[in-house]
Amino acid sequence: MVVSCIKRLPIVNTSPQGGLFHRLFLTLRNKVKVQSGNTVNIASTTRIRQCHISIKGKGNTLTVDDGANLRGVQIELNGNNCSLTIGKYSVIGEGCYLSARENGTTLSIGENCMFSRNVKVMTSDGHDILCANKRINPAKSITIGSRVWLADSSVILKGCCIGSDSIVGIGSIVTKSIPKQCIAAGNPARIIKNNIHWQEELTY
Ligand SMILES: CC(C)(COP(=O)(O)OP(=O)(O)OC[C@H]1O[C@@H](n2cnc3c(N)ncnc32)[C@H](O)[C@@H]1OP(=O)(O)O)[C@@H](O)C(=O)NCCC(=O)NCCS
């Protein structure tokens, strides 16, 4: 993805090529709180409504690429130099929570992904766990490939990568990386099928 191709939305420190109408729509249809010193790149062909977008800290970047479709999603970047990217034509459903939290973490979502409702993807546990005064649960970046389907109420925890074309089953909790073209399900999620791919159309 080439970020410079995206029309920039001047919420904070960005140049105004994004178009006033698109910016106005975004701020009227969503709750957007972005501290200064952060960058928001929203392509003008996206559909984003009823979302909560919160960016705290400095040097963070949120990018939503062409054709992405988000409704009722909570997006959080919290820390310094974090990035959260949603690739072209990815669809993120209601009640989803996407969080890049703690300095330097990235949450990268590829193209044509489909996240059902109430999916959670978060790079941080949100609180320190200490053992002998040393933190044992540092935040870790998450990478989700292209054409990944995360079923209803699935959870992706810190450090996981999900390979392209894979599926995570309903209610599953992913604690380790999942390769491409497979189905993972359960808690903790385990691979239940290999060599698959999926299509949006339902044949019956
Ligand atoms: C992931 C999913 C698509 C897999 O379907 P499938 O390929 O037909 O899988 P199967 O039903 O053949 O199940 C295979 C095995 O995995 C287990 N399994 C399937 N889904 C599971 C889940 N979510 N959690 C735990 N185990 C699961 C089954 O019990 C079965 O176990 P067994 O081999 O011991 O009998 C399906 O489970 C699912 O999550 N459906 C909901 C999708 C959704 O959220 N749609 C909303 C619109 S986006």
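**Labels and their grounds**

Mentor: This is a predicted model. Start with the strands: strand 2 (residues 39–42) and strand 5 (residues 61–64) run parallel and are joined by four bridges.

Trainee: What makes strand 2 and strand 5 a pair?
Mentor: A pair needs at least two bridges found by DSSP. Strand 2 and strand 5 have four, so they pair. Within this pairing, V40 stands opposite L62 in strand 5.

Trainee: How do you know that strand 5 pairs with strand 8?
Mentor: The cut-off is at least two bridges. Four bridges join strand 5 to strand 8 (residues 83–86), so these strands pair. They run parallel. Here T63 stands opposite T85 in strand 8.

Trainee: Now R147. Where is R147 placed?
Mentor: R147 is in the loop between strand 16 (142–144) and strand 17 (149–150).

Trainee: Why is R147 called buried?
Mentor: Buried takes 20 or more other C-beta atoms within 10 Å. R147 has 23 C-beta neighbours inside 10 Å, so it counts as buried.

Trainee: Which residues is R147 in contact with, leaving aside neighbours within four places in sequence?
Mentor: N112, C113, S164 and D165. The C-alpha atoms of R147 and C113 are separated by 4.3 Å, though the two residues are 34 apart along the chain.

Trainee: And the ligand: which residues are closest?
Mentor: A151, D152, G169, I170 and A185, out of 13 residues that surround the ligand. Strand 22 (183–185) and strand 23 (190–193) are the elements that give two or more residues to this shell. By class, the shell has six nonpolar, five polar and two charged residues.

Notes:
Residues are numbered from 1 along each chain as its sequence is written. This is a predicted model: local features need pLDDT of at least 70, side-chain atom pairs count only at pLDDT 80 or more; totals for chains, interfaces and linings use all residues. A residue is near a molecule or strand if its C-beta atom, placed from the backbone, lies within 6 Å of it. Ala, Val, Leu, Ile, Met, Phe, Trp, Tyr, Cys and Pro count as nonpolar, Asp, Glu, Lys and Arg as charged, and the others, Gly among them, as polar. A residue is buried if 20 or more other C-beta atoms lie within 10 Å of its own, exposed if 12 or fewer, and partly exposed in between; C-beta atoms are placed from the backbone. Two residues are in contact if their C-beta atoms, placed from the backbone, lie within 7 Å.
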